[in-house]
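I opened this one to see how the chain is put together. These are my notes, in the order I looked things up.

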Amino acid sequence: MVIDVRKLKYSGKDECSFHFEYDADSSVITLPDAEYSGKVQVNGTLTLSGKSVFVYGEIKYAISTLCTRCLTGVVFQNVVEFDEEYSETEDGEDIYKFKKGLVDLSEMVDEKLMLSIPYAVYCKDDCKGLCSECGANLNQIQCEHTK
Ligand SMILES: [Zn+2]
Ligand SMILES: [Zn+2]
């Protein structure tokens with residue numbers, strides 16, 4: 001996910017759009033049996049402004065996992081927006097660094113992605129979960145313990 005800002009400058013432009021797709025590492029997701037379903041998509045626009053580079057856009061992904069309450073398979077889909085500044089010269093808490101005219105979005109995208117993954121995913125808002133006595137899926141049946 002590297003964008004060559006010098007090339008952009010040489011071509012006389014100060015803006016470009018970008019699109020990346022990549023296979024993210026599923027092993028760092030803490031949800032049960034979690035795996036990215038398909039590739040993570042990154043779409044955005046990069047703008048040059050003085051010595052800074054601004055990027056904004058969105059990260060789209062889907063994770064197949066289990067409902068935290070009833071353990072049914074679910075696919076969690078999410079879109080995360082980003083709007084960040086990169087600089088070669090300036091330091092700052094909210095500023096990402098880049099070198100030699102190459103803006104690498106990987107670190108920023110990874111951070112946003114990880115922060116956006118929830119601790120729990122439910123198959124539906126009112127999932128009834130499993131019976132603590134017999135393990136029956138209470139969305140599907142009513143066991144003797146709940147009557
Ligand atoms: Zn559920
Ligand atoms: Zn039961």
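A definition first: I count two strands as paired if DSSP finds at least two bridges between them. Helices (H or I, at least four residues) and strands (E, at least two) are DSSP runs, numbered from the N terminus.

Housekeeping next. This is a predicted model, so I noted the limits: local features need pLDDT of at least 70, side-chain atom pairs count only at pLDDT 80 or more, and totals for chains, interfaces and linings use all residues. Residues are numbered from 1 along each chain as its sequence is written, while chains are lettered from A and ligands numbered from 1 in the order in which they are written.

**Entry 1: overall layout.** I found two helices and eight strands in the protein. Along the sequence the pattern reads β-α-β-β-β-β-β-β-β-α. The radius of gyration (taken over C-alpha atoms) is 21 Å, well over the 15 Å that the globule rule (2.2 Å times the number of residues to the power 0.38) gives for 147 residues, so the protein is more spread out than a compact globule. I also noted the span of the C-alpha trace along its principal axes, about 75 × 25 × 25 Å.

**Entry 2: who pairs with E5?** I started with strand E3 (residues 35-36), which pairs with strand E5 (residues 52-66) in the antiparallel sense over two bridges. Tyr36 stands opposite Ile63 there. Strand E4 (residues 40-49) is also antiparallel to E5, over nine bridges. I picked out two of the facing pairs: Leu48 is opposite Val53, and Asn43 has Glu58 as its bridge partner. The E4-E5 hairpin has two residues between the strands, and Gly50 takes a positive phi near 65 degrees in it.

On to strand E6 (residues 73-87), which pairs with E5 in the antiparallel sense over 15 bridges. Leu66 has Gly73 of E6 as its bridge partner. This hairpin has six residues between the strands, and here Leu71 takes the positive phi, near 65 degrees.

**Entry 3: the other partner of E4.** Strand E2 (residues 15-22) runs antiparallel to E4, joined to it by eight bridges. Tyr22 stands opposite Val40 in this pairing.

**Entry 4: is Val42 buried or exposed?** Val42 lies in E4. It has 25 C-beta neighbours inside 10 Å, so I put it down as buried. The cut-offs are 20 or more other C-beta atoms within 10 Å for buried, 12 or fewer for exposed, and partly exposed in between, with C-beta atoms placed from the backbone. I then listed what Val42 touches (C-beta atoms within 7 Å), leaving out residues up to four places away in sequence: Met1, Phe20, Gly57, Ile59, Leu105 and Val109. Val42 and Phe20 are 22 residues apart in sequence, yet 5.0 Å apart in space, C-alpha to C-alpha.

**Entry 5: the core.** A nonpolar core here is a set of buried Ala, Val, Leu, Ile, Met, Phe, Trp, Tyr and Cys residues joined through C-beta atoms within 7 Å. The largest has 17 residues, and Val53, Val55, Ile59, Val103, Leu105 and Val109 have the most contacts inside it. E4, E5 and helix H2 (106-116) each give two or more residues, and E5 gives the most, with five. I checked Val55 too: with residues up to four places away left out, it touches Gly44, Leu46, Phe82, Glu84, Tyr86 and Leu105.

**Entry 6: totals.** Of the 147 residues, 14% count as buried. Among contacts between residues at least 6 apart in sequence, 58% join residues at least 24 apart.

How values were computed. Contact = placed C-beta atoms within 7 Å.
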